[in-house]
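Me: I would like to go through this structure and ask what stands behind the labels. Please set each value against its definition.

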Amino acid sequence: MQIKPRQHLLDIWRAAARHLFDDGKLVWGDTDGLSSVADAERLLCLLYPATEVPAFRLDQPDTTERDVLRALERVGSRLEIPPNLITVLSQFMRTHTGPDDSPTFSGGHYFRPADPKQELTYEQTQLGIVDAYSMSVTLCLATLGFLKVYEENTTRPEVRRSLGELRDATNTRLTAAMVSLLRSFTVNVFDAESEQGRRLIQVIGQNQQSDRAVLQHFSRRFRPLRATIIESLSRGIEVDESIRDESQLFECGWAWGVVKDAPAVVDLDVPVNGQPDGIADRLPYVYFTVVALDGIQDLFSERTLTLGLLDADQQKLAEALRLRWELSQQYWSAIARFGTERWPLEDLPWQTTGLRLESEYFSLTVAAILVHDLIRRRATDDDLTRTVAIMERLADRGRVTSRMTRDDPTVGLHHPGVTMPLAGSGRSGAPLEWRMTDFSAQLLKRIIQLAALSRNIAAQDRLIRLGEQAFEHLWSRRIEDGDGAGLWDNAAAVFPDAAVGRRLSWSITERITECLVAARGLYEQEPIRSPELAELARELLSEATHLFGKEQLETSATVDGGRGRAMRSIENRLDHARDLVDERPATAFALALPVLRELDTLAQARGAAAEEM
């Protein structure tokens, strides 16, 4: 199934608008309790494409396209849509604000008790989580960009007043989310003889070397990164001094929430209220690290920089987050590719060291960090080619591109999903868990990102075909009727053994929306240039140019009649093909061939006419 970003995004917008809006007013529907994560996901299904895809822009009503208006007719008319979105976004900001007027980042019903017999307290549902912080960064940046452009296109006093209030609330929330992300980053240092140390050595050594050899290799490989972390102590990174000892192992990344004893961020021009004490253990999770990386990269996007969306405090926070962003990518990318032969990441499934879990989902999350790192350093070498093979294996093992078997345990990867205990959550009451059900959507997103990065024709072709298969799998899981029709997720449609049928999931719907926006970016790129085709195209054009010059000796392009018109057409097409030969050699090749045929036809006709005379 070919991915058609515009058509499929319109389908999602039409379904989301039908589900969320009634006569321009938001209808939250059944939310299973308050969750800032779920609410942000709902809004991003609409706002993310509207701010990332020029054809879907809603901030300039005069330019909104007709098919977009038809898809969003439940939201309002051309002039009503922006004010209605401002109202909805303002409602979100008010809803997720605490009694002290500080933003809240509740996980809500996404939290689950580790013991099904226990129930969550209200206080536990209000705990902040990295998903909420990262999602808020993306939502706030999209909102600020939307407001900045729309402000120049409206003069209505009441709308401009609401716009100003929303901008202030959004800036407050963005700063709070960035502060929370800073306080959730951690570096965990542990001894090689500890249980976690032995597991890390086993994962990266793959039982192919002695523990001593693996430890020495780790020390050499991570010496520069260790030095960078030590130098960063003065820049707010909390880490045990034992990291200076090269016999110690370490991991870095994001915990599930604000870590225990994380200091408040105070060196800002405008103080940030509502910095709750952390309870999370200093244990990095690859899943939450990927979630954080996805949100942080939006702080450095071209749109954010072009529109100047960050104030002075936010720019300072962004630089601090960028440091942690780079440290995490470098660390996990090196861990994934550790050694000189088979990568640890190629040894599926991945085993987490701190929680002693293993799953293809964790392999995907480590691969996602590797993809981030490949994009950061624009790697188009062997690393990318090997990552393509990993994605193909994950798609197969996850039954995205292969058929199910009887009583296939892989069903659990998609439904009910992979569950992680949240280390340290017991400090709030009953221990909590977090469940991930978006394996297929996350896989598709990383495939598209790799395809956009690849400059190898064979590798990109493999990725595009793999992406189309993954997208067809996901599209088959749309809910066809009833509540949530046109949205996700009906896992039973492709996994008949799934214990539960369809259930509206804004998490999966939002991630598929991200995939389609990323696919649009992929198709916006110039096609990969083939050096071989470029050389052939130049040879064809050289011959065509020579033959054209020869024909001009016999026929003036300025004369009237069919022959003169044909000569002028050939000249225009040759000029066009020469313009394309460097960037699109295949197109230039295709244009040159019919020109050569026409020149041959003209030469034959001229020869035949000469014989008759």
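Me: What makes the pair Ser-440 and His-414 a polar contact?
Reply: This is a predicted model, and in it the side chains of Ser-440 and His-414 come to 3.3 Å. The cut-off for a pair of N or O atoms is 3.5 Å, with one able to donate a hydrogen and the other to accept it. The pair is within that cut-off, so it is called a polar contact.

Me: Why is Ser-440 called buried?
Reply: Its relative accessibility is 1%. Buried means under 20%, so Ser-440 counts as buried. Ser-440 lies in helix 17, residues 439-453.

Me: Which residues does Ser-440 touch, leaving out those up to four places away in sequence?
Reply: They are Val-400, His-414, His-473, Leu-474 and Arg-477. Touching here means heavy atoms within 4.5 Å.

Me: Is Cys-515 buried or exposed, and how do you know?
Reply: Cys-515 has 2% relative accessibility. The limit for buried is under 20%, so Cys-515 counts as buried. Cys-515 sits in helix 19, residues 506-524, and touches Ala-441, Leu-444, Lys-445 and Ile-448, not counting residues up to four places away in sequence.

Me: Why is helix 4 called largely enclosed?
Reply: Because 11 of its 15 residues are buried, helix 4 is largely enclosed by the rest of the structure. Among the buried ones are Ile-81, Leu-85, Val-88, Phe-92 and Met-93. The buried residues of helix 4 pack against strand 1, strand 2, helix 2, helix 3, helix 6 and helix 7.

Me: Why is Glu-611 called exposed?
Reply: Glu-611 has a relative accessible area of 72%. Exposed means over 50%, so Glu-611 is exposed. Glu-611 lies in helix 22, residues 585-612, and its C-alpha is 74 Å from that of Ala-336.

Me: What makes strand 3 and strand 9 a pair?
Reply: Strand 3 (residues 111-113) is joined to strand 9 by three bridges. Pairing needs at least two bridges, so the two strands pair. They run antiparallel, and Arg-112 stands opposite Glu-433 in strand 9.

Me: How do you know that strand 8 pairs with strand 9?
Reply: Four bridges link strand 8 (residues 418-421) to strand 9, again in the antiparallel sense. At least two bridges are needed, so this counts as a pair. The bridge partner of Pro-421 is Glu-433. Strand 9, residues 432-436, is mostly covered, with four of its five residues buried.

Me: How many cavities of 30 Å³ or more are there?
Reply: The count comes to five. The largest cavity holds about 140 Å³ of space. Of the 15 residues that line the largest cavity, the closest to its centre are Pro-284, Val-286, Thr-352, Thr-353 and Gly-354.

Conventions: Residues are numbered from 1 along each chain as its sequence is written. This is a predicted model: local features need pLDDT of at least 70, side-chain atom pairs count only at pLDDT 80 or more; totals for chains, interfaces and linings use all residues. Side-chain values use heavy atoms; hydrogens and water are left out. Buried means under 20% relative accessible area, exposed over 50%, partly exposed in between (1.4 Å probe, protein chains only). On a 1 Å grid over the protein atoms alone, a cavity is a set of points where a 1.4 Å probe fits but cannot get out, and a pocket is an open set with protein on both sides within 12 Å along at least five of seven lines; lining residues have an atom within 4 Å of a point. Grid points are joined across faces, edges and corners, and a volume is the space filled by probe spheres set on the points.
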